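The account moves step by step, and each step can be checked against the coordinates.

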Amino acid sequence: MLLKAPLLLGLITLVSHVCSSDFVDISRRANHFALCVEFAVFHFNQVYPDEYAYKLLWVRRSQRKFTLIYLMELELGQTICSKQDEDLENCPLQEGPREKKVDCTFVVDIRPWLSQFSLLNSTCVQK
């Protein structure tokens with residue numbers, strides 16, 4: 001019984017360390033990061049009250065927690081295409097006085113073995 005106490009204490013310490021870990025910088029080519037970016041942009045287009053679709057312009061920050069929670073700061077640009085158009089990657093951006101850009105921070109939790117994404121937080125500011 002005495003041997004189990006240190007093991008249990010060590011496990012509690014390990015779990016609390018993993019759960020409280022901060023985000024760390026990762027490569028934009030890291031596993032699952034591109035999928036999380038795609039999910040975040042798709043979600044943005046679903047909820048943002050604009051008739052035009054937005055697409056990714058730039059990844060400002062890419063970070064991850066140990067538990068497959070990704071934090072990303074993205075710059076999005078408004079396109080000339082509607083949200084229902086399928087090929088947004090090749091859709092031109094709005095230009096001139098109609099040009100709009102948005103800076104967003106997304107936190108996405110991914111369960112790749114279930115193909116499941118959850119948006120934990122999002123904040124966007126129009127530039």
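Searching the whole structure, which is a predicted model, turns up two disulfides. A disulfide is a covalent bond between the sulfur atoms of two cysteines. If the bonded cysteines of the chain are numbered in sequence order, the pairing reads 1-2, 3-4.

One of these links joins cysteine 81 to cysteine 91, with an S to S distance of 1.8 Å, and with 110° about the S-S bond this link is right-handed. The pair connects distant parts of the chain, since cysteine 81 sits in strand 3 while cysteine 91 belongs to the loop between strand 3 and strand 4, ten residues apart. Both cysteine 81 and cysteine 91 are buried.

The other link joins cysteine 104 to cysteine 124, where the S to S distance is 2.2 Å. The torsion about the S-S bond of cysteine 104 and cysteine 124 is about 115°, and the disulfide is therefore right-handed. Because cysteine 104 lies in strand 4 and cysteine 124 in strand 5, the pair ties together parts that are 20 residues apart in sequence.

Five strands form an open sheet in the order 1-2-3-4-5, and their pairing is antiparallel. Strand 1 (24-25) and strand 5 (116-126) stand at the edges, and because each has a single partner strand, one side of each is left without a neighbour in the sheet. Helix 2, residues 33-47, packs on the sheet and touches strand 2, strand 3, strand 4 (101-111) and strand 5, its direction making about 50° with that of strand 3.

Within the sheet, strand 2 (residues 52-65) and strand 3 (residues 69-82) run antiparallel and are joined by eleven bridges. Which residue of strand 3 stands opposite tyrosine 54? The residue in that position is glutamine 78. In general, strands of a sheet pair through backbone hydrogen bonds, either parallel or antiparallel.

Terms used:
Residues numbered from 1 in each chain as written. Predicted model: local features only at pLDDT ≥ 70, side-chain atom pairs only at ≥ 80, totals over all residues. Heavy atoms only, no water. Pairing = 2+ DSSP bridges. Helix = DSSP H or I, 4+ residues; strand = E, 2+ residues; numbered from the N terminus. Contact = heavy atoms within 4.5 Å. Axes fitted to C-alpha atoms, helices over the stretch in contact; angles between N-to-C directions. Disulfide = S-S within 2.5 Å. Buried < 20%, exposed > 50% of the residue type's maximum accessible area, 1.4 Å probe, protein only.
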